[in-house]
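This report walks through one protein chain, beginning with a single residue and widening to the whole fold. Please keep the structure in view while reading.

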Amino acid sequence: MKHSDSEIGSTIAASLLLLPRSVGRGLIWLYRHTLSPLVGYNCRHLPTCSVYGDEAIERFGLWAGGWMTLARLLRCHPFGTSGIDNVPLTAPQGARWYLPWRYGRWRGVNAP
């Protein structure tokens, strides 16, 4: 079966668009399998911060998911939030690529 040049070009373009997302998720995978076992498993939230970051980047891409993950990491400290905090199903209202801080939930948790 032969593929046309346009099909091959669109496949390559789609792969390039997913590259940043794959790199971000790869870094989280690397953290989970190298540093995380040494630091210990004591996250204050469910799901853990690395699972949250992986899901946020998978769902929203590296830019938006990365900002969501940063906000989550900054809330994860001894005086911060704890409990169930799932990745939102949709991007927050008012979030735009040029206003990246609006992607993050900087206070509270998103309990179901």
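Cys49 has its place in helix α3. The model is a predicted one. With a relative accessible area of 12%, Cys49 is buried, because buried means a value under 20%. Apart from its neighbours within four places in sequence, Cys49 is in contact with Cys43, Arg72, Leu73 and Cys76.

The loop between β1 (45-46) and α3 holds Pro47. The peptide bond that leads from Leu46 to Pro47 is cis, and its omega is near -10 degrees.

## Two glycines

Gly61 also lies in helix α3. Is Gly61 buried or exposed? Its relative accessibility is 7%, so Gly61 counts as buried. When residues up to four places away in sequence are not counted, Gly61 touches Arg21, Ala56 and Gly66.

Gly83 belongs to strand β2, which covers residues 83-84. Gly83 counts as partly exposed, at 31% relative accessibility. Leaving aside neighbours within four places in sequence, the contacts of Gly83 are Arg44, His45 and Leu46.

The table sets out C-alpha separations for pairs that involve the residues described so far.

| Pair | Apart in sequence | C-alpha to C-alpha |
|---|---|---|
| Gly61 and Gly83 | 22 residues | 25 Å |
| Gly83 and Gly26 | 57 residues | 26 Å |

## The largest pocket

The largest pocket has a volume of about 360 Å³. It is lined by 15 residues, and those closest to its centre are Tyr31, Ser36, Cys43, Cys49 and Ser50.

Which elements give two or more residues to the lining of the largest pocket? They are α1 (5-33), α2 (35-39) and α3 (49-75). Helix α3 provides the largest share of that lining, four residues. By residue type, the lining of the largest pocket is made up of eight nonpolar, six polar and one charged.

## The chain as a whole

The chain contains three helices and two strands. Read from the N terminus on, its elements follow the order α-α-β-α-β.

How does the chain compare with a compact globule? For 112 residues, such a globule would have a radius of gyration near 13 Å, whereas the chain has 17 Å. Taken along the principal axes, the box filled by the C-alpha atoms is roughly 60 × 35 × 25 Å.

Of the contacts in the chain between residues at least 6 apart in sequence, 72% join residues at least 24 apart.

Technical notes
Residues numbered from 1 in each chain as written. Predicted model: local features only at pLDDT ≥ 70, side-chain atom pairs only at ≥ 80, totals over all residues. Heavy atoms only, no water. 1 Å grid on protein atoms, 1.4 Å probe; cavity = no way out; pocket = protein on both sides within 12 Å on 5 of 7 lines; lining within 4 Å. Points joined across faces, edges and corners; volume = space filled by probe spheres on them. Nonpolar A, V, L, I, M, F, W, Y, C, P; charged D, E, K, R; others polar. Rg over C-alpha atoms; globule rule 2.2 N^0.38 Å. Contact = heavy atoms within 4.5 Å. Buried < 20%, exposed > 50% of the residue type's maximum accessible area, 1.4 Å probe, protein only.
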